[in-house]
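Visitor: I'm new to this one, and I'd like a close look at a single part: the place where the two chains meet. Could you walk me through it?

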Amino acid sequence: MTTVSQPGLMETTAVLETAEPAAGGKRSSAWWRSPSMVVPLLILAFLALATALPGLLATHDPLRQDLTNALSGPSWTHWLGTDEAGRDVWSRLVHGTRVSLLAGAYAAGLAAFIGVPLGMFSGYVVGRFDRIAMRAIDVIMALPGLFLAIAMIAVFGGGLVVAMTAVSLVFVPGFARLSRAEALRLRGQGFVESSRLSGRPRRRILAVHLLPNMATVLLVQFALTLALAILAESGLSLLGFGLEPPDPSWGGMLSQGSRFMARQGWLVVWPGVALTVTVLSINLLSDALQRRFSRSSSVIEDSGPVGAVSPARSVARPSVGLVASDHDTGVPAPDGSGAALAIRGLSIAFPADGGRLVPAVDDVDLAVDQGRVLGLVGESGSGKTLTALAGVGHIPTPGVRTAGQIWVNGTDITSLSGPQLQRLRREEVGFVFQSASSALDPMFTVGNQVDEVLRFGGMSDRKRRRSRAIELLDEVEIADAARRLDDYPAQFSGGMAQRVLIALALANNPRVLIADEPTTALDVAVQQGILDLIRALSDDHGLGVLFVTHDFGVAADLCDDIAVMYAGQIVETSASEPLFADPRHPYTRGLMRALPVVGSNSDPRGIPGRVPAPGTWGAGCRFANRCAMAIEACTAEPVRLLDAGVDRSSRCIRLDDLEPWNPSVETTRTEAS
Amino acid sequence: MFEFISKRILGAIPLLFALVTLTFFFTSLMPGDAATAITDQSPLASAEDVAEIRASMGLDRPFLEQYVDYMGGVLQGDLGRSLFTSTPVTELISSRIVGTFALALVGTMIAVVIGVGAGIIAGLRPHGVVDRVVTGLATLGIAMPNFWVGLLLVWVFAVTLGWLPAGGFGQPGASFGDKMITLILPGIALGTSAAAHVARQMRGSLIGVMEGDLVTALDVRGLPRRRVVLRHALRNAAIPVLTVVGLLAARMLGGAIVIEQVFAFPGIGSLAVTAVNTRDIPVVQGVALTVGLVVVVINIVTDVVHVSLDPAARVQLS
């Protein structure tokens, strides 16, 4: 068996992933040098300086009164003006930094000190301790933080230390929950488990294995908590629970200033600016930290701040418009009208660093006739999903079609406008995805979704739509169709959901069905039912089917014709029977050897090595580095599809040197070079 | 559905029970007790006075007995009386809570309307000009302390321009309209950062859906673009936003404490601050319990709304 890809449009994302690291890798090493990071870092450095050596930044004494010069606005001697006692506001702000930052750091630090061990232990040992601890946290979290803090101040009296201790307790649940979740995640992992089995003391495992692995997550949490604690400090000062006057603190300055607002409004502006700038800098840095450390988990970033635009996104992409074509005129205009689906010279590329286009699908020709099933077979990453999606005119962002045409029932879909294309998709071609559960809208009943497609397909009578919907569900052999129309997708099993998806694809009687690994995510028993259904639909309705799979066994079972794809190219085409009797390309032979043979004792063997990623393809044969028959000439120049018998072709220059087919003889290298 | 709601309510009972217990034991940790809190205010009180007050309030009885007594009172809706005005705590709270609710409601509405709107506009064209402006403002909005926003609003719109009242909740007997006007500035102050949070969540959630498999599938199904966005993508993207709104609504009760102070607004937050300053223990306890109860109710309502709007969550229940 070749690798089984995960549900969803995994193949396309795999392509995107391989296309992007070149762009992302370089930038990430210097993330802190990007302009959006320099400013916050400089601000924090300034704040650190103000905390350590306030006298360096402000020459006025923050406590010296000058009643003759009270409540003055910004001036040359007093940059930000003076307060009600004539004290210099700038100087008081600088000196107040220490209170804000240290109080915030104290509260966040104490919260981490209590919350992290508690959460880690709770998540690691689980059991009763965990249940009790989490209940207690639920109770604490039922009260909004500030209420909890002032309730504690009521008990233990005011003052900055008490106030910030109270604030820290408010943040304990955050740290505890996070470290618990991390501990739960890590405890199941191999290195922790083996350490536990080898009898290491629990405390050591927690300190040595768990803590370092959650350090970055905790760092981000600490930064966010620090920002919140700084805000809480000034809020409590404003309420009169913080530092006693006359010592300057930002919250205290706001509180004092609000009393003299009518005469000097700037007094309420400056401390707030200081607070906002501080919190903003911390938030921006923790965002950057978070993005940096979670980069590997997703290609698409969603909630990041502005400024992180990948070059890929700046390329405008018409939905099926042709972007650039090198050999548009070279191809003799083929007639696509005979076939249900015809693809000629299709190339799809993804933008990479510097606006360069990296091809992912390269000059693909395919034709599916009425009533026939064409299997498009290849390993993950070969470009088959991209080809299949192009069959309905969809190129995943940020990809572009760089060459080629696509005909559905003789209509060149690359020349259609947006609404025309949507109409064609509704009426002429159905598409079935690998993961039915993510292709159905969970918010609407199945009946609603079938009805929607029928209505936009031009069926205006509601009652007729309803009976047609029942008919469709019957056709895909869903029992009790009328009742099941009112069920939501979540109420369908994987196999049944896949049938619903097929029903949706068939709703407006298309002539073409494209199915992308429709059975991969299903149990073997359920698989067979779907395959039989597709075969029957093709036979009964004369449907042309393009069936994408990585599984040669499934292809052999279902398909009339086979096209084998490798690294963006078609490498072999043939009718099904002759192909299985005598494959004419070393790659096809490798794939077929990977199949388990019934009644044979020899283990199926995979092909060593991996499909080369887009952007790493050489000039010549792309399979050469995994092929036992490769010679120098193979990689010298591009290999064309060569005639390999009646209605057969193969992209191999050593086609004639192939041994007679014998499933047990190697044609691939045992070691990948 | 009914079963779900009753289950959630039953599940909240132990939590509330724990909350009452915690509040009681916690306030009993206080140095001194209600009697000294009263006599602290009058310097002439003698030790006999303290003992007398203690006896009259039942504070000389065993600790557990007091706890059982308190719990019994709470179950009957009796939260005790204020130490200084002798007004029943429930009466104090009910006279103040309407204002706080009104404030939190205005804040939540602002957060939802502005946050959802801005988030959708930004999320539909990620990395465009509008998106950059919205994300930038949202990042700023999250960093700005709500009480500072309040002070700036007072300075600009009340003190300098004189357009809106600087505080209060209308004079006693003020008309409904006058009361609503006093809610504008504190409502905005309370809603700003919440709107920023909602906008970020809405944007992220919409982008996630728009770039996800579902929208590809609906597009390939041949549905018009408008319909895919307006009917399908928005609905799917709204579900996580709903949870965030519930959290933010609960958090506004906390934010209201400082905002009420800034706007001299007679709500439950300013009641709490006064009670803490005078160490009026029954009032502090009562406010803590009430706020806890309200948060629990908000959480249940959020869950119920979530389940009633999200079929997948509903299916998971049964």
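Guide: Let's begin with a term we'll need: a salt bridge is a side-chain nitrogen of Lys or Arg within 4 Å of a carboxyl oxygen of Asp or Glu. One thing to keep in mind as we go is that this is a predicted model.

With that in hand, take a look at Arg200(B) and Asp287(A). Their side chains meet in a salt bridge, with N to O at 3.5 Å, and this counts as one because the cut-off is 4 Å. Across the interface of chain B and chain A, the rule picks out four salt bridges.

Which helix of chain B gives the most to the side that touches chain A? That's α10, covering residues 225-262, and it supplies 13 residues. Sort the residues on that side of chain B by type and you get 46 nonpolar, 14 polar and 14 charged.

Now step back to the whole interface. Here 74 residues of chain B are in contact with 73 residues of chain A. Between them, chain B and chain A bury about 6,500 Å², and carbon and sulfur atoms give 72% of that area.

Chain B has a couple of other spots you can find on screen. On the surface there's a nonpolar patch made of Ile121(B), Val129(B), Val130(B), Val133(B), Leu137(B) and Leu140(B), with about 550 Å² of accessible area together. Helix α6 of chain B, residues 129-143, gives the most to this patch, with five residues; Val130(B) is one of the residues that lie in α6. Then there's Ser86(B), in the loop between α4 (63-75) and α5 (89-124) of chain B. Ser86(B) has a positive phi of about 60 degrees although it is not a glycine.

Over all chains, a search of the whole structure finds 25. Among them is the one where the side chains of Arg622(A) and Asp362(A) meet, at 2.6 Å from N to O. That pair links distant parts of chain A, 260 residues apart: Arg622(A) is in the loop between α24 (586-593) and β11 (642-643), while Asp362(A) is in strand β2 (residues 357-368).

Notes
Residues numbered from 1 in each chain as written. Chains lettered and ligands numbered in written order. Predicted model: local features only at pLDDT ≥ 70, side-chain atom pairs only at ≥ 80, totals over all residues. Heavy atoms only, no water. Contact = heavy atoms within 4.5 Å. Buried area = accessible area lost by both parts, 1.4 Å probe. Helix = DSSP H or I, 4+ residues; strand = E, 2+ residues; numbered from the N terminus. Nonpolar A, V, L, I, M, F, W, Y, C, P; charged D, E, K, R; others polar. Patch = residues over 30% accessible without salt bridge, like charges linked within 9 Å, V, L, I, M, F, W, Y side chains within 5 Å. Areas by Shrake-Rupley, 256 points an atom, 1.4 Å probe, with all protein chains shown as cover.
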